[in-house]
Amino acid sequence: MSEAHPLDHIVLPVSNIGLARERLGKLGFTVAPDARHPFGTENACIFFSDETYLEPLGVASAELHEASARKGNVFTARDRAFRFRCGDDGFSAVVFATADADRDHARFLSERINGGEMLQFERPMKMPDGSEATAAFKLAFAVDLRAPDFFFFTCQRVNPLPADRKALHVHANGVHGIAEIALVSPDPKAFGSFVRAAAHSPVIVNDAFGVSVVTPNVRISVLSPDGLYAYFDLPAASTDRGLRGIAIVFKVDDLAVTEAHLAANGMTYTRKNNRILVKAAAGQGALFAFEEKR
């Protein structure tokens with residue numbers, strides 16, 4: 001097997017894009033201008049210098065959102081299902097970068113984790129200088145029927161965006177990338193093969209509190225409820241035996257800078273294991289952890 005796919009972005013459903021922009025701004029993130037998809041969703045992304053990003057995802061048109069899901073759009077169908085089961089704020093998907101989504105789709109079919117038809121679309125994107133570019137994407141989906149509240153997909157950029165997004169890479173909290181993604185399940189080993197296959201990774205690592213898969217730029221950990229508490233001071237979300245997205249660990253150069261910004265903006269946080277932890281809230285969707293890592 002060739003090298004694992006790198007993380008591209010993380011999907012965070014939110015009840016309201018404006019609320020998400022306010023919350024994430026207070027946490028010290030620079031938020032890109034709002035953008036709409038042609039199938040009823042909208043986002044306001046947060047881009048990092050390591051070429052990963054967060055996608056807070058809102059519903060701009062409930063009619064388009066529902067209609068596209070009924071027509072077989074896997075992205076909106078999974079989003080609708082997540083919101084129905086888990087609420088409008090959360091962490092629903094991890095997305096890997098790929099150079100060939102068609103090949104991933106075929107691989108997902110062969111490994112029996114294919115989530116449905118591929119999705120290809122384009123949308124305008126406003127750049128920091130006010131100019132507009134057209135972003136085009138091709139997506140291939142990976143699902144596990146035992147995990148209705150979480151999925152993976154690969155994302156191929158059909159036409160490259162302008163490379164200069166440096167203004168959006170600067171964040172007042174000092175974040176420059178993503179180090180780890182934490183998922184939770186009462187039976188982490190049950191999902192190790194699924195995560196490995198979705199990431200196209202050759203290895204599953206057995207850890208103290210679960211399993212993990214290493215990609216070229218992040219670690220994806222599937223933790224037991226005990227692991228979730230040990231690392232993030234969180235009780236298990238529920239007794240659901242499926243797989244859920246729980247936490248994102250960000251890389252910063254200096255935790256003192258991060259802490260000073262959070263304190264100045266009245267953000268509640270705690271410290272644990274040389275990390276700053278900010279619990280999930282409306283507009284945030286997941287626990288955010290900050291750790292020093294260059």
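A residue counts as buried when its relative accessible area is under 20%. In this predicted model, 54% of the 294 residues of the chain count as buried.

**The whole chain**

Let's start with the overall picture. The chain holds eight helices and 17 strands. Its radius of gyration is 18 Å, close to the 19 Å that the globule rule gives for 294 residues, so the chain is as compact as a globular protein of that length. Here are some values for the chain:

| Property of the chain | Value |
|---|---|
| Span of the C-alpha trace along the principal axes | about 50 × 45 × 35 Å |
| Accessible surface | about 12500 Å² |
| Part of that surface belonging to carbon and sulfur atoms | 51% |

Among contacts with a separation of 6 or more, 67% come from residues 24 or more positions apart.

Now look at helix α7, residues 225-232, where Gly 227, Leu 228 and Phe 232 are buried. Viewed down the axis of α7, the buried residues fall within an arc of 105 degrees, so they line one face of the helix. What do they pack against? Their partners are the strands β10, β13, β14, β15, β16 and β17. On the other side of α7, Asp 226 and Tyr 229 are exposed. After the helix comes Asp 233, with a positive phi near 55 degrees.

**A patch on the surface**

Finally, find Val 203, Val 205 and Val 214, which form a nonpolar surface patch with about 200 Å² of accessible area together. Val 205 lies in strand β11, residues 205-207. Its relative accessibility is 30%, so Val 205 counts as partly exposed.

Notes:
Residues numbered from 1 in each chain as written. Predicted model: local features only at pLDDT ≥ 70, side-chain atom pairs only at ≥ 80, totals over all residues. Heavy atoms only, no water. Patch = residues over 30% accessible without salt bridge, like charges linked within 9 Å, V, L, I, M, F, W, Y side chains within 5 Å. Areas by Shrake-Rupley, 256 points an atom, 1.4 Å probe, with all protein chains shown as cover. Salt bridge = Lys/Arg side-chain N within 4 Å of Asp/Glu carboxyl O. Helix = DSSP H or I, 4+ residues; strand = E, 2+ residues; numbered from the N terminus. Buried < 20%, exposed > 50% of the residue type's maximum accessible area, 1.4 Å probe, protein only. Arc of directions from axis to C-beta. Contact = heavy atoms within 4.5 Å. Rg over C-alpha atoms; globule rule 2.2 N^0.38 Å.
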